[in-house]
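Visitor: Hi, I'm new to this one. Could you walk me through it?

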Amino acid sequence: MKAVRFHRQGGPEVLVYEDAPNPQLGDGEALVWVKACGVNRVDIWARNGKYKTQLPHILGTDVAGEVIQVSQGVNNVTPGSQVVAYPVLRDRTCRYCKTGRPNRCEKIGLLGVAADGGYAQYVKLHAEDLLPIRGLDFKTAAALPVNFGTAWNGLVTRAKVKAGDSVLVWAAGSGLGFAAIQVAKLFGAKVIATAGSDAKLELAMSHGADYAINHSKEDVPEKVRALTGGYGADIVFDHVGAETWQRSIMALAKGGVLVSLGVTTGEESGVNIGRVYRSELTIAGTYAFTTDDLTKVLKLASQRQLAPHIYKELPLNSAGEAHRILEAREQFGKILLIP
Ligand SMILES: [Zn+2]
């Protein structure tokens with residue numbers, strides 16, 4: 001099959017479009033003909049060595065496609081089934097896996113990092129991790145799991161967003177930020193989005209944000225307070241990390257929830273503990289998402305209540321260009337690779 005692989009970790013130039021062996025199915029597995037694969041920041045971390053992978057390696061966590069082969073005993077999908085992958089790999093035996101929280105598994109890994117992913121014509125997956133896509137095209141389906149699944153887990157499952165809440169979403173131009181705006185709006189929340197450029201702020205507003213703050217020019221906590229009658233945000237959605245964490249804490253209303261789902265800018269942050277306890281703040285760490293989260297997202301997307309914004313579709317052999325765009329933060333929404 002054709003695939004994009006890398007034989008050593010490094011910049012976008014290590015990605016090579018080449019022939020690779022077809023995946024061989026093991027027990028319980030199915031072979032998926034990849035029709036669209038989303039590009040994510042985790043792809044860059046696996047490519048550049050922040051995350052270790054086997055070599056050579058095939059990236060790609062967000063996979064939608066058609067089942068073309070199943071191993072014996074698999075009966076939830078058949079050749080011809082149109083599916084999207086639940087990309088959380090795990091042991092399936094621990095207490096978390098057995099109680100519906102596979103994203104807390106001690107042996108958690110991601111498709112495309114701990115195993116070869118969807119930057120290829122074919123990918124193999126555990127058949128149980130293939131969810132049917134009904135009423136959705138492959139491109140829309142491939143744009144949903146990482147961004148909308150994670151936003152759903154953070155805002156709905158963890159922070160219990162509800163009508164009337166004020167939600168601050170950092171870096172709304174990213175795929176995850178964009179998804180968070182939509183999920184929060186779906187629940188009737190008031191959304192304050194931040195971005196680093198006026199062009200992205202305008203896009204955030206046109207995609208549902210109620211207010212927009214330029215985080216490179218404005219004092220975000222002060223602005224949030226001004227927009228919420230002096231109280232602050234009920235929920236802050238922070239996937240930026242060290243650079244924004246203290247401001248996130250300062251922007252929260254009493255009783256507010258900090259949804260912390262990424263550390264793009266670093267893992268250490270000096271936090272004012274006094275403010276956390278005096279204001280009864282909750283820190284809701286959010287890591288990936290459950291099959292349940294993804295199933296809900298798929299259903300709402302099929303009803304057109306959630307809709308990813310596809311910024312660009314590129315052929316598989318342009319994976320390096322896709323990474324360049326993502327690293328330069330030029331995109332608004334999702335970049336897809338089409339094998
Ligand atoms: Zn487990």
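Guide: Here is a short tour, from the whole chain down to one residue. This is a predicted model, where local features need pLDDT of at least 70, side-chain atom pairs count only at pLDDT 80 or more, and totals for chains, interfaces and linings use all residues. Residues are numbered from 1 along each chain as its sequence is written.

Visitor: Okay, how many helices and strands are in the chain?

Guide: The chain has 11 helices and 17 strands. Helices (H or I, at least four residues) and strands (E, at least two) are DSSP runs, numbered from the N terminus.

Visitor: And how many of the residues count as buried?

Guide: Of the 339 residues, 49% are buried. Buried means 20 or more other C-beta atoms within 10 Å of the residue's own, exposed means 12 or fewer, and partly exposed is in between, with C-beta atoms placed from the backbone.

Visitor: Switching topic: what's the angle between helix α4 and helix α10?

Guide: About 110°, with the axes of α4 (residues 145-158) and α10 (residues 291-302) 9 Å apart. That makes α4 roughly perpendicular to α10. Axes are lines fitted to C-alpha atoms, for helices over the stretch in contact, and angles run from 0 to 180 degrees between N-to-C directions. Under 35 degrees counts as roughly parallel, over 145 as roughly antiparallel, 65 to 115 as roughly perpendicular and the rest as oblique.

Visitor: Which residues make that contact?

Guide: From α4 there are P145, F148, G149, W152, N153 and T157, and from α10 D293, L294, K296 and V297. Contact here means C-beta atoms, placed from the backbone, within 7 Å.

Visitor: Last one: where is F237 found, and is it buried or exposed?

Guide: F237 is in strand β13. F237 counts as buried because 34 C-beta neighbours lie inside 10 Å.

Visitor: What does F237 touch?

Guide: Leaving out residues up to four places away in sequence, F237 touches G154, L155, V167, L168, V169, W170, A180 and V259.

Methods. Contact = placed C-beta atoms within 7 Å.
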